[in-house]
Amino acid sequence: MASECGEAAAIDPRVVPLADIDLGDERFRITTQRESGDLQASIRRFGLRTPPLVTPVGAGFIIVNGFRRVSACREMGWKSTPARVLPTASAYECALTAVAENSLERPLNLIETSRALNLLEQTAPEGRIPDADASALGLPTHPSVAVRLKLLCRMPVDVQDGVLDGTISFAMACELSRLEEDLGIAFASLFRRLKPSLNKQREIVSLVSEIAGRENVDPRQVLEECGLTQVIGSPGTDRNQQIHGIRRQLRLRRFPSLAAAEHNFFVLRQRLKLGAALQLAPPRDFEGTGFTLALSFQTIEEVVHLRAKLDELIDHPDFKTLLTGKGRGFEKALDS
Amino acid sequence: MKIAELYVDAQLAGRPEAEAASRRFKVPIQTVGSAQEVYASVAAAKDPIGRGKHVLYLTRNRGAFIKSCPGTHHYTCCGYKILHIGTFCSMDCSYCILQSYFHPPVLQYFLNHDEMDQELEQLFATRAIHRLGTGEFTDSLIWEPWTHLSERLIRKFAGQDGCVLELKTKTAWVDSLLDLPHRRRTILAWSLNTDEVIRTDERGTTSLDARLKAAARGADHGYPLAFHFDPIVIADGCEADYRRTVERLFAAVDPRHIVWISLGALRFMPELKTVIRQRFKHSRIVYGEFIGGLDGKMRYFKPLRMRAYRDIAAAIRAVAPGICIYLCMEDDEVWEHALGFQPAQRGGLSRMLDEAAVRQCHLSSGR
């Protein structure tokens, strides 16, 4: 295929009327960038250094590479443009050239990579991109990666935008692709607005889906009831606080007994008035029976003070409740 | 059991068991040089776990037939011994650990019974009390319709006085066992659950009524019985459902025939969650309030387990106050809260169960 493309390099440089170029035909579009303002300034100062690549279709042309350049020329009021005309090339040759000119000029982002893979696969003679071509173009050849990447450019625009602005990772986009479209959009909007880390995004998606599964309700209803859709529509308030609030709400609903036990423990611990130098931690998820008591000090005097504090602690009824009382601090969870 | 492919280890080609299986399942024998060929066939399926339930591989057990139950750290184990007769199961329970325990899972049935007999003889010769079961890596009775393994084992155990065999099942296939001379050295045991859990999460198993009827028939023929409320699935309203299950148990079976009843709440390795969600789309069991246990398994939040155990144990004790109830893989705190004592106060769980076996199965140790 590479040699055929080499033949296709017999490109015909011409001046083409802009009216003859169908800017609406985006079948070979790889770039995700739409704005051409910066390009106009460059063309005005340095001229059109690399003419767009077009191929004849019917009485006119379609763009193989250079969508933004054609757009910039039109917006600057040009009537015609120098162009490189790729004569009578197959769709796959055009696709290879489009991907090659983009990927060799700059690294493709994830959506562009997805478009490139889809374009090549759709036009490849046997519906399968030869590994040698994908590899030469710097595209992934591992089948499972390619399959997941190809999904990206078919996902809702909100998700794609999230991927482009870095708020939604490839891994999360793949998770969202498994959801119903409007649910995926709702999560994407939430994540784009609050920018939680990937782990927190995963936690939110998983909690919503598990609450919905357990309660046999639509996940969108969970989003609604936990106020997540209100967050999407309300600007202001610190986003970290909002993320914390959402996770707390979801966790309360997903793990009501555990959350109640934690709350009960915190209330009892607060009543102990331990101060900053003494820290008491429960066993993880209250599963084990070992508590952790950490002491912070710098001087002997502080240790003496801590000793007195420990003596007080040992006699405190709430401390006994935590360690040996019925239900070891989670009696409310038992009674609930 | 419906078998679509029957593989036989090349070293065992021509064995009558292979011919019998071929006739029974109406499938040709495919002789293979290694297990890898079988695994490759199963792994290539869209649902290897589902496929593995229809692929039978007759082979040799290349390891030990008698193994100690692996147990887990931090939780009290009962000191059981596994008699490893085969792997996997033709029934399809959502929570089944075997789905992720074998890679890929496949129905394997071991034919080198002479070696198994030798190991059993060595164990019998110790003249100590041992409890063994075949229901750890498979269901004990799924093999019953086309093998005579249980008959062989029941007769073998009947010939000694220190060991008891527990056949644990979710089937009702006891017909061929009833008239065997068991001498109470074999316990017929059933896993019990609520109708709801059986319906949603135990595909292809028999109903609760069928299990209890089979148990009652076993008791009529003098077999000691055991029941395992395991896994207990905790959900809204489950306490009432389990109480009803207990009522139905005692309506069908006189408690005097029961050696022990175990309680164990659902627990699973984290990777099983994905399998359950993929293979059992309508199951809700993974949506319980699980936390990471000290053994790495997902377990219900401790107070929830305590409450469920306490309720079920109370329902059992209301009818059968003296019955031996034990918890499967729980710590002292849970024991104390649920049953009112810790195993160490009664000499340890292993001893508790040994004593129950001695009492009910008339075992005697030579030591």
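Two residues are in contact if their C-beta atoms, placed from the backbone, lie within 7 Å. The model is predicted, and local features need pLDDT of at least 70, side-chain atom pairs count only at pLDDT 80 or more, and totals for chains, interfaces and linings use all residues. Residues are numbered from 1 along each chain as its sequence is written, while chains are lettered from A and ligands numbered from 1 in the order in which they are written.

**Exercise 1.** State which residues B:Ala216 touches, not counting residues up to four places away in sequence.

*Solution.* Begin with the location: B:Ala216 lies in helix α8 (residues 208-220) of chain B, where helices are DSSP runs (H or I, at least four residues) numbered from the N terminus. With that exclusion, B:Ala216 touches B:Ala252 and B:Val253. B:Ala252 is 36 residues away from B:Ala216 in sequence, yet their C-alpha atoms are 6.2 Å apart in space. Finally, B:Ala216 has 15 other C-beta atoms within 10 Å and is therefore partly exposed (buried needs 20 or more, exposed 12 or fewer, and partly exposed is in between).

**Exercise 2.** Describe how helix α5 and helix α7 of chain A cross.

*Solution.* The axes of α5 (residues 110-123) and α7 (residues 143-152) of chain A come within 7 Å and cross at roughly 105°, the axes being lines fitted to C-alpha atoms over the stretch in contact, with angles running from 0 to 180 degrees between N-to-C directions. α5(A) and α7(A) are therefore roughly perpendicular, a term that covers 65 to 115 degrees. On the α5(A) side the residues that meet α7(A) include A:Leu110 and A:Leu117, and on the α7(A) side they include A:Ala146 and A:Leu149.

Definitions and conventions
Helices (H or I, at least four residues) and strands (E, at least two) are DSSP runs, numbered from the N terminus. Angles under 35 degrees count as roughly parallel, over 145 as roughly antiparallel, 65 to 115 as roughly perpendicular and the rest as oblique.
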